[in-house]
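Please read them with the model open.

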Amino acid sequence: MSDFERLRHLLLADERDKLATAEQRIIELERVNRELAAQLPGLVRAAPAEPMSRALASPVAAALGNAVQRNRASIVDALFPVIGPIIRKGIAEALRGMMRDLNQVLEHGFSPRGMRWRIEAWRSGVPFAQIVLKHSLRYQIDHVFLIERDSGLVLHRESAPGLPDLDADAIAGMLTAIAQFVRDSVGGEGTESLEAVRIGEHLLWVLDGPRASLACFIRGVPPASLRVVLSDRLEQIHAQFPDAAGDTLDDESIARLGLSANLEPAALVAASSALGDADAGSRKRPSLWPLLLIGLAIVLALGWYFLHIARWNERVEALQAGLRAHPGFLLTAIDARPWRQLRVHGLLDADAEPLQPLLDRADLGEVQPSVEVAGYLSSDDAIVLKRARRLLDAPASVSLGVADGVLVVSGEAAGEWIDRRRTQAAWIAGVRAVDWQVLATADSPKIMPVARPASVSVDAQAAARDALHALVAEIEQASLYFSHDTVPLAASGDLLRQLASSLREAQSLAAVAGVRLHLAIHGCSDATGAAELNARLREQRAGWLRDNLRNAGVATELLDEATLVTAADATAAIRAAMLRVQVVEVTR
């Protein structure tokens with residue numbers, strides 16, 4: 001060995017040994033790891049369960065969470081065969097329960113018992129469905145155990161018919177242990193005890209006494225009266241126990257207690273039902289007050305409503321009577337909604353007083369009555385009198401009166417007024433007869449019909465003829481238009497007065513010119529409607545123009561000789577009436 005080798009050995013001998021040892025250890029670990037896969041199942045089975053569960057809980061939970069997040073679809077697909085039936089079963093149970101509850105609610109909804117339950121729900125603030133369930137759910141006592149407190153021995157037991165027997169000693173030991181645990185860990189001073197616990201589908205009630213406890217396995221929802229009955233039975237049993245607390249209860253002593261009669265499940269249920277009915281009967285009397293209050297409120301509401309409606313009907317009837325008595329108005333209908341709307345339909349004469357003051361006095365609150373009227377000619381004496389005063393324009397010396405359609409005209413007036421109005425009075429609408437009692441005044445002689453002057457110059461006659469022809473042309477250009485039937489447009493009144501004045505002037509010019517006038521009154525209609533209806537309208541419109549010209553003061557003899565032209569081919573296709581004036585030479 002060279003010096004260099006010897007030096008290296010001296011310096012690195014320890015490190016080489018450590019490296020060799022580490023290499024050997026690594027080889028051994030790799031061998032163990034290769035064999036661990038085959039040994040792991042056996043090691044897991046051999047490991048203690050509790051330490052193994054605590055050790056694997058955290059990593060398994062974390063791994064399962066990561067797997068669910070990464071492979072959610074796969075896990076859902078794997079659990080689908082299990083989750084599906086569970087969900088369907090849960091939904092089916094929920095629907096069956098809902099239908100059962102709904103059937104009970106519908107069954108008792110409007111029966112006398114259901115009405116009592118509704119009142120109970122209203123008084124207690126509990127939903128009606130819960131009240132129905134509380135009264136309709138059935139309960140059953142399956143097992144009853146009487147257990148001695150000191151020893152934990154079962155003194156007596158009763159079970160409902162057809163149920164399998166339970167291990168009485170095991171149940172007594174379990175109850176004793178649980179009760180002792182509650183007293184030691186919760187009660188503090190040993191005063192607290194176990195009263196109720198849910199075990200599967202059973203509700204366990206435990207009632208403690210000085211020397212014995214009563215345990216009942218109940219199926220369903222028991223009423224509060226059952227606990228009262230159980231407490232009473234437990235007190236009766238304690239009253240029959242031997243006086244000395246330390247005395248041992250043998251079979252003979254237990255037989256003398258009569259526990260079979262006191263603890264029989266059917267008898268306990270019957271006693272509870274009887275006690276519940278008695279409590280319900282004792283609480284029945286105070287429940288009348290809400291009914292009385294509700295009835296009183298309903299009576300007051302109905303009374304106020306009918307009084308409100310009666311006041312409305314009374315005011316509407318008063319308004320209806322006033323409208324029927326109103327001169328010149330014919331009531332056809334009233335559409336009324338109490339205190340909301342009132343609409344009046346009828347016919348109103350143009351000479352009648354307006355209806356608005358009568359509607360304002362009706363006192364209908366916030367309701368504003370509306371009126372829908374159409375025009376007509378009233379035959380009431382008051383309206384006929386107003387119409388006569390308007391059309392005759394009588395002077396102050398002439399008085400007018402109407403009684404049963406007879407127009408009475410009395411007094412004094414100028415002869416000109418008498419000649420113009422005497423014939424016109426008989427044509428006033430609504431007048432059946434005229435009693436004319438007017439005398440002509442002495443200073444106003446009666447005006448005779450226009451006649452040709454005795455001596456008129458030729459130039460004057462020629463000038464009168466020219467003026468007459470110009471006036472006739474102006475008259476024939478005027479037409480009175482109608483909106484429908486014989487109802488003229490608003491501007492027809494002024495045009496009618498202008499025509500009447502022009503005709504009177506034409507008569508005067510004709511007398512000077514030595515000629516005579518002949519009128520042709522044309523009635524016109526449009527092309528719509530039936531031929532018979534249009535012919536009647538043309539005749540009515542021509543007659544309307546003749547009558548109104550007479551009322552406007554045109555000479556009666558001129559209008560009586562007028563010709564009414566109503567042929568379809570001789571009129572224009574418009575809703576109008578017009579005049580045609582013919583100048584006729586007077587033969588000597």
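How are α16 and α17 oriented to each other, roughly parallel or roughly perpendicular?

1. This is a predicted model. Start with helix α16, residues 492-513, and helix α17, residues 531-551. Their axes come within 10 Å and cross at roughly 70 degrees. Angles of 65 to 115 degrees count as roughly perpendicular. α16 and α17 are therefore roughly perpendicular to each other.

2. The crossing has a hand. α16 passes α17 in a right-handed crossing.

3. Now the contact itself. From α16 come Leu-496, Leu-499, Ala-500 and Leu-503. They meet Leu-545, Asn-548 and Leu-549 of α17. By class, this contact has six nonpolar residues, one polar residue and no charged ones.

4. Next, the second largest pocket. Its volume is about 1200 Å³. The lining comprises 33 residues. Nearest the pocket centre lie Leu-377, Arg-390, Leu-391, Trp-544 and Asn-548. Note Asn-548 again: this α17 residue also takes part in the contact with α16.

5. Which elements each supply at least two residues of that pocket's lining? They are α13 (381-392), α14 (415-425), β13 (487-488), α16 and α17. The largest share, six residues, comes from α16.

6. By class, 15 residues are nonpolar, eight are polar and ten are charged. The contact of α16 with α17, by comparison, has no charged residues.

Technical notes:
Residues numbered from 1 in each chain as written. Predicted model: local features only at pLDDT ≥ 70, side-chain atom pairs only at ≥ 80, totals over all residues. Heavy atoms only, no water. Axes fitted to C-alpha atoms, helices over the stretch in contact; angles between N-to-C directions. Helix = DSSP H or I, 4+ residues; strand = E, 2+ residues; numbered from the N terminus. Parallel < 35°, antiparallel > 145°, perpendicular 65-115°, else oblique. Left-handed = near helix turned anticlockwise from the far one by under 90°. Contact = heavy atoms within 4.5 Å. Nonpolar A, V, L, I, M, F, W, Y, C, P; charged D, E, K, R; others polar. 1 Å grid on protein atoms, 1.4 Å probe; cavity = no way out; pocket = protein on both sides within 12 Å on 5 of 7 lines; lining within 4 Å. Points joined across faces, edges and corners; volume = space filled by probe spheres on them.
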